[in-house]
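Have the picture ready and follow along.

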Amino acid sequence: MKEGPTFFGPKERRLFGWLHAPTTGAPPEERPRVGVVLCNPFGYEALCTHRSLRHFARAFARAGLPALRFDYDGTGDSAGSDRDPDRVRAWIDSIHEAIEFLKSESGVASVCCFGLRLGATLAAAAAADRTDCAGLIAVAPVVSPALYLRELAALHAWIGLAPPPDGRSGVAEGDQEAAGFVITAATAEALRRLDLMTLERAPAPRVLVIERADRP
């Protein structure tokens, strides 16, 4: 297995990724035809699951499937910030860029999207717009973004961060702080419209949903 950092996407707004490629001496006609694009959750959940997603990507590569982890536009080591406009559209577009990059780098014809929490929701939205997604693995997907936003607000209140010494939070009126990350009012509104129950077509021919055992 070979792995390493990379940048891809528009030259004026690069996306950061980590490519995990299987080491194989097989001829081209015997190499894998499917790759895996791993889609992060948002904010604090992305920090908590970073190590797990790295292990998943390595497991896919050891199984012979090229895999790509990446940071959405405005997150992690990619260009931009969470205060930029059109965040939800930019995140979905980042998945499209990641799919195209993995296909071009590895030679696979199709991909399987592996998404966790909000990443699963974004992956489903992106996959529903394409014909080259052979599968979707959705781990504890956010089905109702409106409820998800309330959960983030409750988590932030529960953490009980001390107020800033100068009395200024740095979060604009109408925006929401979520455990150190910012969801602008425009981003929140766009998320509320991202409802998996309203997708016009299935995101992939095969979908595996892995849900928490303590949820209905």
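Which helices each supply at least two residues of the lining of the largest cavity? They are helix 1 and helix 4 (145-159). Helices (H or I, at least four residues) and strands (E, at least two) are DSSP runs, numbered from the N terminus.

This is a predicted model, in which local features need pLDDT of at least 70 and side-chain atom pairs count only at pLDDT 80 or more, while totals for chains, interfaces and linings use all residues. Residues are numbered from 1 along each chain as its sequence is written, and side-chain values use heavy atoms, with hydrogens and water left out.

**The empty spaces**

Rolling a probe the size of a water molecule over the atoms shows where empty space is left. On a 1 Å grid over the protein atoms alone, a cavity is a set of points where a 1.4 Å probe fits but cannot get out, and a pocket is an open set with protein on both sides within 12 Å along at least five of seven lines; lining residues have an atom within 4 Å of a point. Grid points are joined across faces, edges and corners, and a volume is the space filled by probe spheres set on the points.

| Space | Volume |
|---|---|
| Largest pocket | about 530 Å³ |
| Second largest pocket | about 310 Å³ |
| Largest cavity | about 60 Å³ |

The largest pocket has 26 lining residues, and Asn40, Ala46, Asp71, Thr75 and Gly76 are the closest to its centre. Helix 1 gives the largest share of this lining, five residues. In the second largest pocket, helix 2 (87-106) contributes the most, with four residues. Among the residues that line the largest cavity are Phe42, Tyr44, Leu152 and Phe181.

**A closer look at helix 1**

Helix 1 (residues 44-62) has 19 residues, so at 1.5 Å a residue it should span 27 Å, and its end C-alpha atoms, 28 Å apart, agree with that. The expected span is 1.5 Å times one less than the number of residues.

Helix 1 also has a kink of about 50°, centred on His50. Such a bend is the angle between axes fitted to the seven residues ending at a residue and the seven starting there.

Thr49, Leu53, Ala57, Phe60 and Ala61 are the buried residues of helix 1, where buried means under 20% relative accessible area (1.4 Å probe, protein chains only). An α-helix has 3.6 residues a turn, so residues three or four places apart point the same way. After helix 1 comes Gly64, with a positive phi near 95°.

Terms used
Buried means under 20% relative accessible area, exposed over 50%, partly exposed in between (1.4 Å probe, protein chains only).
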